[in-house]
Amino acid sequence: MQTIVEKILSRASGAAAVKAGDYLTCSVDLAMVHDSSGPRRLAPKLAELDMRLQDPDKLAVITDHYVPAHDDASRAIQQITRDWVAAEGVSNYFPEIGICHVVLPEQGLVQPGMLVVGGDSHSPTGGAFGAYMFGVGATDMAAVATTGQTWLKVPRTHLVDLQGELGAQTFAKDIILALCGAHGMDMAGYEALEFAGPAVSAMPMRARMTLCNMSAELGAQAGVIAPDDMTAEWLASRAPDRVRLDDQPDSYWASDAGSHDGRHFSLDLDTLVPQAAAPHSPANAAAITDHDDAAFSVAYIGACTGAKLDDLRAAAGILKRRKTASSIRLLVAPASRADQDQATCEGVMGILEDAGATVLPTACGMCAGYGPNRLAADDVCISSTARNFRGRMGAPGSRVWLASPASVAAAAVTGRLTDPRGMGN
Amino acid sequence: MGDGIDTDLLAPGAYMSGSLDTLSSHCLEALRPDFASAVRPGDIILAGASFGIGSSREQAAEALKHLGIRAIIARSLGGIFQRNALNLGLPAIACPALDLDGVDEFTSTDVDIAAGSLTIGRRQFATEALPDFLLAMIADGGMLAHLSSQHAAGTTGVKGDVT
């Protein structure tokens, strides 16, 4: 009797059975880095080790942090990246087509049962595809790149049971914010979360990605969702020739009944209402209607967490035939070029622009404060991103609220914290 | 330090494209503008819950090491931050029972990570027990030095357990 996590780690370590607390050496199926965590950090470490890439085909390099380059330092980082992938023969190089956590599954590279590491803390996003994917820093990544291995302490798997159905203008983002508000940012204690239940089965892949993405904010090493028909459909259109790991059917990568060895969390989505997290922590989340009034100068729809196709559609659902308040700037940075193109075809981008949105390049943008668009000291921002730590998006004095893309759009219309229910078009 | 010292405070995004020296000089400045100039080589950071939560940027740990921090002991640690610090040979250890009442910057503090013991003034606290391979890695000066020594010894594997 094993959880999906134990099955994945058993395969990756070659151990017949693993249990929580075991330290394992695991083979890594795929590693992902971006421009900030990637070649500029890996190259000196590989030189120090005097070692090469163990397998260039098991590394994906996706540029998104310093995109587009805006100064000499960021231009140099992009040049180092281009030169290095060419020299090392990295074929999975995806420059400037979107945020790594969205591009990796768009390319069909994350598959059920895989052990994947990413040079970014939102790497658990890949868990939406039935993989165990976790974030690591540059030295761990150098070890993976040169040996093909990493070490792991087998985590317990905490079950997050999502019952009921999401109501009007309530989304995966609201689920995570509600969990952050109720249980704090150490809910998972750097162990694993498995999201399950009828609400997860009904959820499209991009919403599942949002759940797994923000398992980072719940303190998890990884968040996972067992693959199902929806997962298979996604992969069939993006990786039609894929070979199943160990010839196992996708359905093998699921937790056996009664196998969960961690805590059991449940949330009834029938009673969930739109959430927002006050500055400066996702743990300051509560129902929008329970917060005091707040006024904003910036509304930001961006990031792997909150600017995928479904997120852009949700925002357009609010902003159709509406205008943003004169007191607020609405900035939209789509999470990937493919999502932006599809949103353009559907008229979604047109609705956002007609409402007054400024569209920023498809990249991490303001979320991590790496680029030229940063909050000023007196800015108060409502954002569809994952983290509102002090100073993350700009000046230390700036204040950031977190909410779903629909709630950010509603705030863009009124200039204030606004419950999006009743505003749907 | 208190709870929730995050990686954006430790390694602010605006300085992530620059040198480690510059980045380190801005470490924790949003909380304590004089932090980088006030710390001394050999200092130990004592903190509350969730130290290092947030990003995977290794520079959050690297900046502290660059400033001469000898060890970080916190009630709990961000998981990626802890791996990063240990990989750099910088002990970052959880001490769930840590009580900082009456402790100030001048209280003498020492830690023995192999013994799992933290001494603050006259008080002792048990710290998280690390497995032998991580203690060996820290003793070697971090993951890269550890891998090189494994390589020289003819063993492979990130834990040094594959011969």
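**A strand and its surroundings**

Strand β15 of chain A, residues 329-333, is largely enclosed by the rest of the structure, because four of its five residues are buried; buried here means under 20% relative accessible area, whereas exposed means over 50% and partly exposed lies in between, with a 1.4 Å probe and protein chains only. The model is a predicted one, in which local features need pLDDT of at least 70 and side-chain atom pairs count only at pLDDT 80 or more, while totals for chains, interfaces and linings use all residues. Residues are numbered from 1 along each chain as its sequence is written, chains are lettered from A and ligands numbered from 1 in the order in which they are written, and side-chain values use heavy atoms, with hydrogens and water left out. Helices (H or I, at least four residues) and strands (E, at least two) are DSSP runs numbered from the N terminus, and two strands pair if DSSP finds at least two bridges between them.

By that rule β15(A) has a partner in strand β14 of chain A, residues 298-302, with which it pairs in the parallel sense over five bridges. Within this pairing, A:I301 stands opposite A:V332 of β15(A). Strand β16 of chain A, residues 358-359, is also joined to β15(A), here by two bridges and again in parallel, and A:L331 stands opposite A:T358 of β16(A). In a regular strand the side chains alternate between the two faces of the sheet.

The loop between α11 (309-319) and β15 of chain A holds A:R321, which has a positive phi of about 60° although it is not a glycine. A:R321 counts as exposed because its relative accessibility is 70%. In chain B, B:S50 has a positive phi of about 60° as well, and is not a glycine either; B:S50 is placed in the loop between β1 (44-47) and α4 of chain B, and it counts as buried because its relative accessibility is 12%. Most residues other than glycine have a negative phi, and most peptide bonds are trans.

Chain A also has cis peptide bonds. One joins A:V67 and A:P68, with omega about -10°, and A:P68 lies in the loop between β3 (59-63) and α3 (72-88) of chain A. Another joins A:P279 and A:H280, with omega about 0°, and A:H280 is found in the loop between β12 (275-277) and β13 (285-287) of chain A.

Five salt bridges are counted between chain B and chain A, a salt bridge being a side-chain nitrogen of Lys or Arg within 4 Å of a carboxyl oxygen of Asp or Glu. B:R83 takes part in one of them with A:D140, where the closest N and O atoms are 2.8 Å apart.
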